[in-house]
Amino acid sequence: MVATARSLPLLSRLALGLRRTGAWPVIMAVIALLVSLPVLTVLSQIFVPAPEIWSHLASTVLPRYLLNTAGLTLGVAVGVLVIGVGTAWLVVMCRFPGQRWFEWALLLPLAVPTYVIAYAYTDFFQFAGPLQSFLRETFGWGAGDYWFPPIRSLGGAIALLTLVLYPYVYLLTRAAFLEQSVCVLEVGRTLGRGPWRLFATVAVPLARPAIAGGAALALMETLNEFGAVQFFAVDTFTAGIYRTWFGLGERTAAAQLAGVLLLFVLLLLVIERASRGKAQFFHTSSRYRELPRYELSGARRWLATTACLFPVTLGFLLPAGLLLEMSLTNGDQQLGWGFLGYIFNSVSLATAAALGAVGLAVVLSYGVRLSGSGFSQAMVRVSAMGYAIPGAVVAVGILIPLGWLDQRLYGLLHGEWGWDVGLVLTGTGFALVYAYLVRFLAVSYNAVQASLTKVTPSMDAASRTLGRTAGGTLRRVHAPIIRGSLLGAGILVFVDVMKELPATIILRPFDFTTLAVRSYELASDERLSQSSTASLAIVLVGIIPVILLSRAMRRSRPGSGAGEA
């Protein structure tokens, strides 16, 4: 009698699964362990006693960290939801002047790092800046004759973060609106619902998971933000982690602050999941036709144009113009060989991280395709959770175990052979690339997985019948088909790494400067005009994935331009 797989002992079934899928499950488990190590390290530090420093923090800055972080998160949540959902509905369902241009222009603020827009607007809105100088000259005002809202404040930070982060909500909400069935919308119209009631009672409830997901991404980036809040003197947990680690030299307390911030992130994820409830929405037809668009007329068409132009202008056009003007008139004085060094450092780190993230994403995606088991799905979820973790938390979680390994490695090599190797892990770019992989693996995985699912399983079966192994099938069959998605995933990770600031500042080796760090250092020294050159270079690189995203979204609706619903 031949034993079935269910009748085999657990270890035998595991061995049988490994023979079928090769070493993929083991590799996936190793990746998940390495990616989760920084998070587990931070969580373990919560239980380390540090009563003296915690009593000092609790009596001085901890309440301010809590209030500012909560206020910043709440303010940004309201702002990104209003702008992101409203503009997504306008460009998908309405016709007005500039509508086709706004489809991709509303994504442009994604190319601008938050700390860059903070530097640009501070120079523009400060007392000695162009705007207030123009007002004083025009109306003859003196220093105490008028009131101007302070840009370096909690309100200023909320406004700037909203302008940069609303594209996360716009991106996912627009995609959800594009995927909605014409039949559902037309039923709402036959029941007498106008455009706005249809928007509020039909379209938004159907798109709620996408809206919640976009808001969660924006709020995670808000909690991760360091450069803008530090520059605006808004004390949040991220700024407090950096100050406690490097200013006070209290690594345990910094790790515990990172643990509290991690709890904030987990709370956000729980709220996002709970907001979906048990409601599920499905498409009942695979046939689509173009969505009906409302032709706006009169003042409404210009109000729609203004509503879309407002975030594009303030979130991209104005800060990019300010950076360009400052760079041309009084840019970085090291523009030359020194500046090329910053570019080389940034590009080399971003390239290494992009290649590593895409490679790991391919392994994880293909591992899930091979097995489809609960184990592989769990490994993917663990590996992808790094994107929800702020860069400062990841940096702290990496420094602790790698610092310990560095000490042991130095003691072994120096004690046994007299080799003075220095800090092999934390003193080189290894720790930085590790941090980038932890943070941005989810970005590349989502892109690769979406592309890999479009490859029919019959191709796998045909390749295996011809004698190819799982690795050979991936290399010879799947890789050529998903090559475009691999390139897109690599570009997204590349640009994210170019913009990343908190982890880079904490983990960078001595005398190692990237464009992001150069921009931050000059702005911190109040040399805003000189910081504009590095900031502008980051913005120019960030425009590339925005264009790719816009083109992909335009082709995202099935049957666009044909078919029926």
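Phe139 is exposed, with 52% relative accessible area, in what is a predicted model. Trp141, at 33% relative accessibility, is partly exposed. The structure contains 14 aromatic pairs and 6 salt bridges, while the count of disulfides is 0.

**Aromatic pairs and cluster**

- The ring centres of Phe139 and Trp141 are 4.8 Å apart and the ring planes meet at 20°, so this pair is stacked. The angle falls in the stacked class because planes under 30 degrees apart are counted that way.
- Tyr119 and Phe231 form an edge-to-face pair, because their planes stand at 75° with the ring centres 5.0 Å apart. The limit that applies to this class is an angle over 60 degrees.
- Tyr119 belongs to helix H6 (residues 114-125) and Phe231 to helix H12 (residues 227-231), so their pairing ties together parts of the chain 112 residues apart in sequence.
- Both members of that pair, Tyr119 and Phe231, are buried.
- One aromatic cluster is made up of Phe96, Trp101, Phe102 and Trp104.

**Charges over rings**

- Phe231 also has a charged neighbour: the charged end of Arg152 sits over its ring, 4.1 Å from the centre.

- Side chains of opposite charge can pair when their charged atoms come close.
- Arg439 and Glu221 form a salt bridge in which the closest N and O atoms are 3.8 Å apart. This pair links distant parts of the chain, with Arg439 in helix H19 (residues 430-452) and Glu221 in helix H11 (residues 208-224), 218 residues apart.
- Arg439 and Glu221 are both buried.
- Arg439 also forms a salt bridge with Glu500, where the closest N and O atoms are 3.7 Å apart. Glu500 lies in the loop between helix H22 (483-499) and helix H23 (502-507), and this pair, too, links distant parts of the chain, 61 residues apart.
- Glu500 is buried, as is Arg439.
- In the salt bridge between Arg508 and Glu521, the closest N and O atoms are 3.0 Å apart. Arg508 is in the loop between H23 and helix H24 (515-524) and Glu521 is in helix H24, so the pair ties together parts 13 residues apart in sequence.
- Arg508 is partly exposed, with a relative accessible area of 24%, and Glu521 is partly exposed at 29% relative accessibility.
- Arg100, Glu103 and Arg174 are joined in a network of salt bridges.

- Cys94 takes part in no disulfide, its nearest cysteine sulfur being that of Cys308 at 9.0 Å. A disulfide would require the two sulfur atoms to lie within 2.5 Å.
- Cys308 is likewise in no disulfide, and its nearest cysteine sulfur is that of Cys94.
- Cys94 counts as buried at 2% relative accessibility, and Cys308 is buried with a relative accessible area of 0%.

- Val61 is placed in the loop between helix H3 (51-60) and helix H4 (62-93). At 15% relative accessibility, Val61 counts as buried, because the limit for that class is under 20%.
- The C-alpha atoms of Val61 and Gly240 are 8.3 Å apart in space, although the two residues are 179 residues apart in sequence.
- Gly240 is one of the buried residues of helix H13 (residues 237-247), which also include Phe237, Thr238, Ala239, Ile241, Thr244 and Trp245.
- Gly249 follows H13 and has a positive phi, near 70°.

**Nonpolar surface patch**

- Ile46, Phe47, Leu263 and Leu266 form a nonpolar patch on the surface, and together they have about 410 Å² of accessible area.
- Ile46 is partly exposed, with a relative accessible area of 33%.

Conventions
Residues numbered from 1 in each chain as written. Predicted model: local features only at pLDDT ≥ 70, side-chain atom pairs only at ≥ 80, totals over all residues. Heavy atoms only, no water. Phe/Tyr/Trp six-rings, centres within 6.5 Å; stacked < 30°, edge-to-face > 60°. Helix = DSSP H or I, 4+ residues; strand = E, 2+ residues; numbered from the N terminus. Buried < 20%, exposed > 50% of the residue type's maximum accessible area, 1.4 Å probe, protein only. Lys NZ or Arg CZ within 6 Å of the ring centre and 35° of its normal. Salt bridge = Lys/Arg side-chain N within 4 Å of Asp/Glu carboxyl O. Patch = residues over 30% accessible without salt bridge, like charges linked within 9 Å, V, L, I, M, F, W, Y side chains within 5 Å. Areas by Shrake-Rupley, 256 points an atom, 1.4 Å probe, with all protein chains shown as cover.
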